[in-house]
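Okay, thanks for coming, everyone. I'll talk for a few minutes, and you can follow along on the screen.

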Amino acid sequence: MTLTRFVRKNALRNKRRSILTLLSIGFSLLLLTVMMTIWRAFYMSDGTAESANRLIVRHKVSMANFLPISYREKIRSMPGVKHVVNLTWFGGQYKDNKPENFFAEYATDPQEVFQVFTDFEIPPDQLEAWQKDRAGCIVDTDLAKRHNWKIGDRIVLKGSIFPVNAELTVRGIFTAPPGMSGLYFNNIYIDEGYPRVKGYVGWFTVLADSPQAVSGLAKSIDETFRNSDRPTKSESEKAFNLSWIAMLGNVKAFILSICMAVVFATLLVSANTMAMSIRERTREVALLKTLGFTRGTVLALFMSESIGLAACGGLLGALAASVVVRGMAASPQGGLLFQNMKVTLPTMLVATLVGAVVGLVSAFVPAYNASRGNIVDGLRHIG
Amino acid sequence: MAVPLQYNIRNLLLRKGATVMTALGIALTVTTAIFIMALLAGLRDAFATSGEPNNVLVLRKGSTSELTAGGVSRDALPVIKDLPGVARDAQGQPMVSGEDITVIVLPRTDGTGETNVTVRFMTPTGIELRPRVKLTEGRWFTPGQREIVVSKSIHKRFAQANLGDQIWIGKGNWTVVGIFDSGGSAHDSEIWADINQLASDYDRTYYNSVYIGGTDPVAADALKNRVTDDQRLELSGMLETDYFAEQTSTGRPIKFVGVIVAVIMAIGSCFAAMNTMYAAVAYRSREIATLRVIGFSRPSILTSFVLESLLLSLLGALVGIVLMLPFNGMTTGTQNPVTWSEAVFSLRMTPFVVGSAVVFAVLMGLFGGLAPAWHAARREILASLRD
């Protein structure tokens, strides 16, 4: 019998306990993986390479304050700017107020939007059809699938921010990177339907020459409009997305405290199991030592048993988490926040590693005591 | 006959290590659940206690938020003032307030960046329409002056919101002349200022919204319908209380993540409790057989072990509640999608929250204890005695 086999046999000697421990640790680390995935998606994703080239120019106060469309040409004339497009959050209601019918709706300029968002993909004939139809719209593939829309379908959006009901025809179906998916239609629709906001738009997205140019460009745009009636705030697309998350509140502290609670709970479960399991085997340990196993070996045997069990729990949890995260991403209750979230391989490895470390820490005290125990006392021990 | 509870308590005390570790595990789960429930309770409280039952909010037809672009023309005001059921103030003037809302950016005191804050522009009648909002320091703004009054929480959470401070809104600096307390309602996230000053600043010829005070809740309900049905106005009325109640949806992301977190943690804790209880049963196999020989029936053994598991989980609940107590009343903020600014609220461990946490823990104990207890009750006496 090899030592590995010995450890494996011991880990599974009380199958019920092993399974319960595995499940308990697994569920805790599942949660850890979900939290790490949210963290990663919120704070660590760099977005696409194309995204690094873009910056967003909005009113200094908030997105609810509009900017004059005249800024567009002023921005376009600045050095380092390739393309500029205006966007406005329409915020209309599709069918009803239910969360599953909520999606992002943008009014924009069909002529230039695809030149700014170089990572959008659409068949050229569909783009042309949309550019020709002032009451046309395009939707991303996921959205089209969710609502079963096909080209030529009619979509009515009841205006809530604007007193305009947009009656649109689907002219194209495109693919978009995470965060920019949704429905896009011609801004002229709002301009004509609600003259009060004619000439005003929500924000501009600017495509810069290079990622290096972005921060300098942001400064010079803000400088240009600093003393105007409507000062601007320009930032990279990534910084802009982060500011949305910051508005949710102290998300970082929320996630961190849950992660800490989860790791600590896992530690408790694992320590409890190992303490129970090692106590049961006091006599065996004494026997092992009589057979000539050193203290070091006994310690290593228990530790590897615990580490193996907890790491398996971590791996199981991480695998289950990828299913849970997929569910969260698809759930309408989560809104736009969790869209396109995925558990990555490194995150799964981290979860497994956390499991292993928890196994190591939790087994140390009982395993150390067992390895130090007196042989004669151990042999005399009654269960 | 039931096995005395003393037996379970002593057993828990005997296996201190396992008891403490399992209870702490449950406590952590309970703490997390209370934290999330308290956040939601605080948020719900803020919106549920907002709004006067007598007040009707009037917006442009189709609009769902006070912030949305443009709304009520100034010409509509005389029509609204003449509607039956409008309350009158001490001077006999109809209680109608044309209002506007804008959003400004303020830096937080704790250095966690800046955030959006709602500024409500109103008439002095608007203050009268909200009798529960009390001035705690300074005075109300004077019409025609660039003066603002901030809520107590804004005063606390943001730098430059002290009496005498200047805040840049629109085209100039406004001086803080007072601090008000709205007792945890949504107005706690607001700054109040004079509407006429705003109108001249921004050259606005319309109000974003109009508030009407009804003589009583029944009149308010009728007023709401009258405004909506009046063909001249093209406006829609809603009760102020309904308007705020709908904004509770602000808590949706917290609720969504919170439910997932609490459920997953609870399942994990259930398994942990089950593990401990199985160990307890295995450890006492001969003892249980002895109890059976003495004459305790299978159901009473089952009950006894379930009770032991419940005791364990209640201990966990107690520790969890105590752990969360210091956080009760802590103020925090989140983005309100209706006003595009920060909704300030505090963590509230209401009796309902604490009660739910206890029920939550009891459920964990029940699910964790049932299978092991069943196992204990089913064991054959002879086999167990021979163990």
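**A walk through the model**

Let's start with one residue: A:N148 counts as exposed, because 7 C-beta neighbours lie inside 10 Å and the cut-off for exposed is 12 or fewer. Before I go on, keep in mind that this is a predicted model.

A:N148 sits in the loop between helix 6 (141-147) and strand 7 (154-158) of chain A. For background, most residues other than glycine have a negative phi.

A:K95 also belongs in this part of the talk. Its phi is positive, about 65°, and A:K95 is not a glycine either. You'll find A:K95 in the loop between strand 4 (93-94) and strand 5 (105-108) of chain A. Buried or exposed, then, for A:K95? Exposed, since there are 12 other C-beta atoms within 10 Å.

Now for a residue at the other end of that scale. A:F114 is buried, because 23 other C-beta atoms lie within 10 Å, and the cut-off for buried is 20 or more. A:F114 has its place in helix 4 of chain A, residues 113-116. If we skip the neighbours within four places in sequence, A:F114 is in contact with A:F120, A:I122 and A:L127.

Okay, over to chain B and its domains. Chain B is divided into domain 1, which is 5-48 + 250-386, and domain 2, which is 55-215. Going by C-alpha atoms, the centres of domain 1 and domain 2 of chain B are 46 Å apart.

Next, a helix pair in chain B. Two packed helices are described by the angle between their axes and the distance between the axes. For helix 9 (residues 252-283) and helix 11 (residues 298-324) of chain B, the axes come within 11 Å and cross at roughly 135°. Helix 9 and helix 11 of chain B are therefore oblique to each other, and their crossing is right-handed. From helix 9 of chain B, the contact is made by B:A273, B:M277 and B:V281; from helix 11 of chain B, by B:F305, B:S309, B:L312 and B:S313. Sorted by class, the residues of this contact are five nonpolar, two polar and no charged.

Last stop: the two chains together. The contact takes 43 residues from chain A and 46 from chain B. On the chain B side, at least two residues each come from helix 2, strand 3 (96-107), strand 4 (114-122), helix 9 and strand 13. Which element of chain B gives the most to the side that touches chain A? Helix 9 of chain B, with 16 residues. As for class, that side of chain B has 22 nonpolar, 22 polar and two charged residues.

That's my tour, so over to you.

Note on methods:
Residues are numbered from 1 along each chain as its sequence is written. Chains are lettered from A and ligands numbered from 1 in the order in which they are written. This is a predicted model: local features need pLDDT of at least 70, side-chain atom pairs count only at pLDDT 80 or more; totals for chains, interfaces and linings use all residues. Domain bounds come from an automatic or database domain assignment. Axes are lines fitted to C-alpha atoms, for helices over the stretch in contact, and angles run from 0 to 180 degrees between N-to-C directions. Helices (H or I, at least four residues) and strands (E, at least two) are DSSP runs, numbered from the N terminus. Angles under 35 degrees count as roughly parallel, over 145 as roughly antiparallel, 65 to 115 as roughly perpendicular and the rest as oblique. A crossing is left-handed if the near helix is turned anticlockwise from the far one by less than a right angle, and right-handed if clockwise. Two residues are in contact if their C-beta atoms, placed from the backbone, lie within 7 Å. Ala, Val, Leu, Ile, Met, Phe, Trp, Tyr, Cys and Pro count as nonpolar, Asp, Glu, Lys and Arg as charged, and the others, Gly among them, as polar.
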